[in-house]
Amino acid sequence: MSLNWTSIVFTIIAFLILYWLLTRYAFGPLFSVMEKRRQLVLQQMNEAAQTREQAAAYVEEQKQALQQARKEAYDIIEQSKQTGNKQAEQIIVQAKDEAVRLKDEAVREITSERNKAVAELRSEVGKASVQIASKLIQKEIKEDQVQGELVDQYLKEVGGKA
């Protein structure tokens, strides 16, 4: 088997021409497409990372907003409790003041009624005294005992009326 040098040289020359043609017209656009694809994949990976970071930041913001809303709700509840307690205390104070006012008014009415009763009783006692004196004068009894008995009798009558 002999080597055919001419065929080897032609094969090498054909290979080099083919390689040069492929390099000039095929490999450049092929590598360009592959580079564009690589850049697109990198860009999409970067965008995905940014989106993931934004989502994590958004979730954190939402957690903080929820926590703030809970705190505000708790503050509102506490404020409502305090307001309710203050209103209850005010109502109790007003009720006590009203009770004191009603008691004072009742005491004044009782005092007034008692004074009226005492005045009326004095008036009746005065009338009874005048009646006793007039009866004593009318009878003109000369004995001391009889006059004393009459006075006692009239006092008992007046005491029975009162």
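Biologist: What is the relative accessible area of E35?

Modeller: This is a predicted model, in which local features need pLDDT of at least 70 and side-chain atom pairs count only at pLDDT 80 or more, whereas totals for chains, interfaces and linings use all residues. Residues are numbered from 1 along each chain as its sequence is written, and side-chain values use heavy atoms, with hydrogens and water left out. E35 falls in the partly exposed class, which lies between buried (under 20% relative accessible area) and exposed (over 50%), computed with a 1.4 Å probe and protein chains only. The relative accessible area of E35 is 32%.

Biologist: Which residue meets the side chain of E35 in a salt bridge?

Modeller: A salt bridge here requires a side-chain nitrogen of Lys or Arg within 4 Å of a carboxyl oxygen of Asp or Glu, and the pair involving E35 has an N to O distance of 2.6 Å. The two residues, E35 and R38, are three residues apart in helix α1 (residues 5–139), so about one helical turn separates them; helices are DSSP runs of H or I of at least four residues, strands are runs of E of at least two, and both are numbered from the N terminus. The partner, partly exposed with a relative accessible area of 45%, is R38.

Biologist: Which residue forms a salt bridge with E78, and why are the two about one helical turn apart?

Modeller: Side chains of opposite charge can pair when their charged atoms come close. The closest N and O atoms of the pair with E78 are 3.9 Å apart, and E78 itself is partly exposed at a relative accessible area of 25%.

Biologist: What is the relative accessible area of K116, which forms a salt bridge with E113?

Modeller: The closest N and O atoms of E113 and K116 are 3.9 Å apart, and these residues, three apart in helix α1, are separated by about one helical turn. E113 counts as partly exposed at 49% relative accessibility, while K116 is classed as exposed. For K116 the relative accessible area is 52%.

Biologist: Which residues are joined into one network, and how many salt bridges does the search of the whole structure find?

Modeller: Through salt bridges that share partners, E98, R101 and E105 are joined into one network. Over the whole structure, the number of salt bridges found is six.

Biologist: How far apart are the end C-alpha atoms of the span that UniProt lists as "coiled-coil region"?

Modeller: The UniProt record, an unreviewed entry, lists residues 48–105 under that name; UniProt positions are given in the numbering used here, feature names are shortened, and annotations may be inferred rather than shown by experiment. Over residues 48–105 the chain is 100% helix and 0% strand. The end C-alpha atoms of that span are separated by 84 Å.

Biologist: How far apart are the end C-alpha atoms of the span given as "transmembrane region"?

Modeller: In the unreviewed UniProt entry this feature is placed at residues 6–27, a span that is 100% helix and 0% strand in the model. Its end C-alpha atoms are separated by 29 Å.

Biologist: What is the radius of gyration of the protein chain?

Modeller: The protein chain has two helices and zero strands. Taken over C-alpha atoms, its radius of gyration is well over the 15 Å that the globule rule gives for 162 residues, so the chain is more spread out than a compact globule, the rule being 2.2 Å times the number of residues to the power 0.38. The C-alpha trace spans about 200 × 30 × 15 Å along its principal axes, and the radius of gyration is 63 Å.

Biologist: What percentage of the residues in the protein chain is buried?

Modeller: L22 in helix α1 counts as partly exposed at 32% relative accessibility, and A26, also in helix α1, counts as partly exposed at 32%. Of the 162 residues in the protein chain, the buried share is 3%.
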